[in-house]
Amino acid sequence: MADLENPTQDAAPAVRDHPYPVAHGEGGGPHPSTPGAHTRRTPTRARRTPVGSRWAPYALVAPFFLFFGAFGVFPLLATAWTSLHRVELTAPAEAEWVGLHNYARLLDDAFFWNALVNTVVIGVLSTVPQLLLALGVAHLLDVRLRGRGIFRVVALAPYATSVAAATLVFALFYGRDHGMANWALGAAGLPPVDWQNGPWASKLAVSSIVVWRWTGYNALIYLAAMQTVPRELYEAAALDGASRWRQFLHVTLPGIRPAIAFTVLVSTIGATQLFGEPLLFGSGAGASGGADHQFQTLGLYLYEQGWVNLHLGRAAAIAWAMLLVLVVLFGAVRLLRAGLTRTKRAS
């Protein structure tokens, strides 16, 4: 009778003897805050990345490497292999192994050294004024002027012009008898100049074509770099009393140093490979670069050996010699910069 009248007397100790506090969530299960509740969770399966998504980046970049291998690496290796053989354009399958004979022949080739000197001279005469003018044009375009977009299009127009059309126009401009250049010299009381046959005049004429075509292109690169220089630096320099010229020297030039290095690199490579301008400038001269080879570049000499004289092995050796010249030049510049850096740190 006592048990029926008070049924909770025996159930109470069972609750007190439970090792954890009584706490129930939804459905009568243990509350998540109680110890041991997390140990009873069902483990979730780790997500697996589909195989297709892992290989997708490689599939996207694969076309570039395929085209680069087919049109970049393979021609380079094929040219190196051809330079070690005596190969004629009329019989490309009949190759005779000669080793380094084609390279050794270049050391005693007066035309090769003449082309090398012409390439260096024309490269200096075209690259230095071109980059200096590009800096000036970019600095003018960086000023807030009306119609800046029109000036930028005008600056880029020579680059968009065909090299053949530009060179033919300049050939007429530098004509010996009826050219505007000699007309201007005559108006100034100076004697006419034979621009196509003179040893230095021809180099200046070819260099002027390169300067005209590439100044605007480099100016736009400099302009884009100048617009990334923080304007606060110019304001601070102006507060310190720096003139426009000092701001250009100490703020603008250090800020666009990577762009300058890029344009110097690209212009040097382009000067080494100069081909179209000297080929079309000499009327009837063809790949010889004038009657006395006075403006024949390495690119013209390569073309003359491979497609005029039909010596593919020699042409391939000249191509690799051009690459070697660039490697030596940039290596020397790199060593010079490293030496100057060590000297500054030591001082």
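Is R213 buried or exposed? Some notes on that residue and its surroundings follow.

1. A word on the basis: this is a predicted model, in which local features need pLDDT of at least 70, side-chain atom pairs count only at pLDDT 80 or more, and totals for chains, interfaces and linings use all residues. Residues are numbered from 1 along each chain as its sequence is written, and side-chain values use heavy atoms, with hydrogens and water left out.

2. To settle the opening question, R213 counts as buried because its relative accessibility is 9%. Here buried means under 20% relative accessible area, exposed means over 50%, and partly exposed lies in between (1.4 Å probe, protein chains only). The side chain of R213 meets that of E277 in a salt bridge, at 3.4 Å from N to O. This pair links distant parts of the chain, 64 residues apart: E277 sits in helix α13 (residues 276-281) and R213 in helix α9 (residues 199-226). E277 is buried too, at 5% relative accessibility.

3. The structure holds five salt bridges, each defined as a side-chain nitrogen of Lys or Arg within 4 Å of a carboxyl oxygen of Asp or Glu. Another of them joins D142 and R231 (3.2 Å, N to O). D142 lies in helix α5 (residues 110-142) and R231 in helix α10 (residues 231-239), so this pair ties together parts that are 89 residues apart in sequence. D142 is buried at 13% relative accessibility, while R231 is partly exposed at 39%.

4. E96 belongs to strand β2 (residues 91-97) and R86 to strand β1 (residues 85-88), so parts 10 residues apart in sequence are tied together. E96 is partly exposed at 44% relative accessibility, and R86 is partly exposed at 37%. Helices (H or I, at least four residues) and strands (E, at least two) are DSSP runs, numbered from the N terminus.

5. Do look at helix α15 (residues 312-346): its 35 residues should span 51 Å at 1.5 Å a residue, and the end C-alpha atoms are 51 Å apart, which agrees. The expected span is 1.5 Å times one less than the number of residues. Buried residues in α15 include L312, A316, I318, M322 and L326.

6. Finally, V73, in helix α3 (residues 51-82), is partly exposed, at 34% relative accessibility.
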